[in-house]
Amino acid sequence: MGAIGRLQEACHLGTLVESNEFMSETQKLTPDVSVVVPVRNEAGNVAPLVLEIASALSGRAFEIIYVNDGSSDGTEVELIELAASRAWLRQIKHEASCGQSAAVRTGVIHARAPVVVTLDGDGQNDPAFIPELLRVLEAGGDRIGLVAGQRVGRKDTGFKKFQSRIANGVRSAVLRDGTRDTGCGLKAFRRDVFLALPYFDGLHRFLPALVRREGYDIGYVDVVDRQRRAGTSNYGLWDRLWVGILDLMGVWWLIRRKRRVPQVSEVKQDDR
């Protein structure tokens, strides 16, 4: 396999970094919830966020999957040290950075639970809202495919908030997905629904529209944004609009081309 092939394989499948050789019998059972956290160079934010997620899910069977998207700082070492005493913490590693959408998909592929929660690894998404996301998802039954966090009181810079407003406005006008804020990393969804969606780079920005395309309703939960604890943003600011324009047109095309799935049954001789 050539260099390009190896990079693609690393991006889409990831390399599993297991730091626990002996997992307890409880943790070997299928968890109820898998929390997927994509990170690149977030060593200073890892430990406090892991503890907050675990606290928010107290009383549930859960696992936390950090997808290390080609970090060059101490993120990998930090996660290995934390996982040494936490059987529910896993690290999946991309040898080279493949982007946030690829990292989220890698985490969902490796998830063992039927329900997945995602949140950003910079600490701005508050894990305290995870139980409410799960409550709305569970209350909706098979009808709801995704519950999306909608940020209030955002702590980003004025320019970043301005750019997000433009991007969200353009997206909403084109896709009419009924979602105020698709940029919030806090989301809960059924794993099988996510994996049935068409995959492309930038997928995470269009989840509500694509889930609606599959015939599911979307739930919403207002969440409070927080200041980043440490470091700087590692996923491109311009992705929110200019790079996303082509993706937006592609998603618009996918929605328009959606056709009703045939209801198929075989007529057997005994039925005549």
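Predicted model: local features only at pLDDT ≥ 70, side-chain atom pairs only at ≥ 80, totals over all residues.
Skipping its neighbours within four places in sequence, I found Val-37 in contact with Leu-49, Ile-53, Ile-64, Ile-65, Tyr-66, Val-67, Leu-119, Asp-120 and Gly-121.

Next I looked up the nonpolar cores. Which residues have the most contacts inside the largest one? I got Val-35, Val-37, Ile-53, Ile-64, Tyr-66 and Leu-89, in a core of 34 residues. I then checked which elements give two or more residues to this core: they are β2 (33-39), α3 (43-56), β3 (62-69), α4 (75-83), β5 (115-118), α6 (130-140), β6 and β8. Apart from that core I noted another one, of 21 residues, with Val-193, Leu-197, Phe-206 and Val-211 among them.

Then the helix pair. I see α3 and α4 packing at an angle of about 25°, and their axes are 8 Å apart. Angles under 35 degrees count as roughly parallel, so I put α3 down as roughly parallel to α4. Their crossing is right-handed. Where do they touch? On the α3 side I listed Ala-43, Val-46, Ala-47 and Val-50, which meet Thr-75, Glu-78, Leu-79 and Leu-82 of α4.

Last stop, strand β6. Is β6, residues 144-152, mostly covered or mostly open? Mostly covered, I wrote, as eight of its nine residues are buried. I also looked for its partners. With β8 (residues 217-224), β6 pairs in the parallel sense over eight bridges, and I found Arg-151 opposite Val-223 of β8. With β7 (residues 187-190), β6 pairs in the antiparallel sense over three bridges; there Val-147 has Ala-188 as its bridge partner.

Technical notes:
Residues numbered from 1 in each chain as written. Heavy atoms only, no water. Buried < 20%, exposed > 50% of the residue type's maximum accessible area, 1.4 Å probe, protein only. Helix = DSSP H or I, 4+ residues; strand = E, 2+ residues; numbered from the N terminus. Pairing = 2+ DSSP bridges. Core = buried A, V, L, I, M, F, W, Y, C linked by side-chain atoms within 4.5 Å. Contact = heavy atoms within 4.5 Å. Axes fitted to C-alpha atoms, helices over the stretch in contact; angles between N-to-C directions. Parallel < 35°, antiparallel > 145°, perpendicular 65-115°, else oblique. Left-handed = near helix turned anticlockwise from the far one by under 90°.
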